Amino acid sequence: MSNPTPACRVCSNSHQIRIGELPLYVPGGQAPSDLLRCKNCGTWARSVNFADPEIQKHFNVTSYTVPEREEQMRSARTEFFRSIIDLASRCANAPATGPRVLDIGVAYGHLIELYRETGAECTALEIVDQLRERLLAKGYAAYKTALEIPADARFDVITAIDSFYYFEQPVELLRELRPHLKSEGVLIIRLANRTPVFRLLQMLGRPISRDLFGDVKHNFTYGAIRLLLEKTGYRIERTVLTEKGKKGMPFPKWLYYKLSPAVSRITGMKLTPGMILVCRGRDTKE
Ligand SMILES: [Zn+2]
């Protein structure tokens, strides 16, 4: 129990606190894992290595990648994805012929299908082989990692919708994507905003369950994600707390979505269940 914890993937601080156990489901069993919190930047993390191919098998069997869930996910998220496309089109200075779009963690490809209908040329990043092969068959450029994207590929819009917190090395991912973002382009990241609830539960002496943490590697505070973006050559231009088009939620969650933007405005704290960050590239020496 007294093994040293790994360094925080956001700020490199080596003094993460072990909060408890938080295993991850993998086909055939559970991968043991600890729940860690960085004292320095506030990032919460699972200790298990998401870059390990054995751990990545988890993504073959999740509720957002298995074939039998596809239509349910499509109907729950189509309107939401349209709102993302609308947001991006208002922010990115894309050519009239249609933007070039890169989506990170496309899963079934529903966002890029909608994008394609608008005339966009779409590229996909997807770790699950079967899903990637399906995308290739539909005529999309699809890659497993950002390093595989052709060096000269440039995008007007890069989206990471509920996918960014699955990466073991978020700093590396952002650095790898940076040369591919056009100077007038935008990076749009949607994240669940769970850390305020974790802190509340900690204060109450209650555990943080797997359901609450999600199956992710990281849960970032707003400050941590801002730090992450700044150190990798981006700046947050706009933070959207009111999310449109979410469907199929139980009533308490729906109420949370409806009321929390106003509470956040009043308190000055980001207490919404999710947030959408519209980011631009920053000029750096690199
Ligand atoms: Zn940290």
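His 110 counts as buried because its relative accessibility is 6%, where buried means under 20% relative accessible area, exposed over 50% and partly exposed in between, using a 1.4 Å probe and protein chains only. This is a predicted model, so local features need pLDDT of at least 70, side-chain atom pairs count only at pLDDT 80 or more, and totals for chains, interfaces and linings use all residues. Residues are numbered from 1 along each chain as its sequence is written, and side-chain values use heavy atoms, with hydrogens and water left out.

His 110 sits in helix H3 (residues 110-117); helices (H or I, at least four residues) and strands (E, at least two) are DSSP runs numbered from the N terminus. Leaving aside residues up to four places away in sequence, His 110 touches Glu 70, Met 73, Arg 74 and Phe 81, with contact meaning heavy atoms within 4.5 Å.

On to helix H4 (residues 129-137), where Leu 131, Arg 132 and Leu 135 are buried. They share one side of H4 because they cover an arc of only 100° around the axis, taken from the directions from the helix axis to the C-beta atoms. Just past H4, Gly 139 has a positive phi of about 95°.

Here are the elements around H4:

| Element | Residues |
|---|---|
| Helix H3 | 110-117 |
| Helix H4 | 129-137 |

Finally, the face of H4 turned away from the buried side carries exposed Gln 130, Glu 133 and Ala 137.
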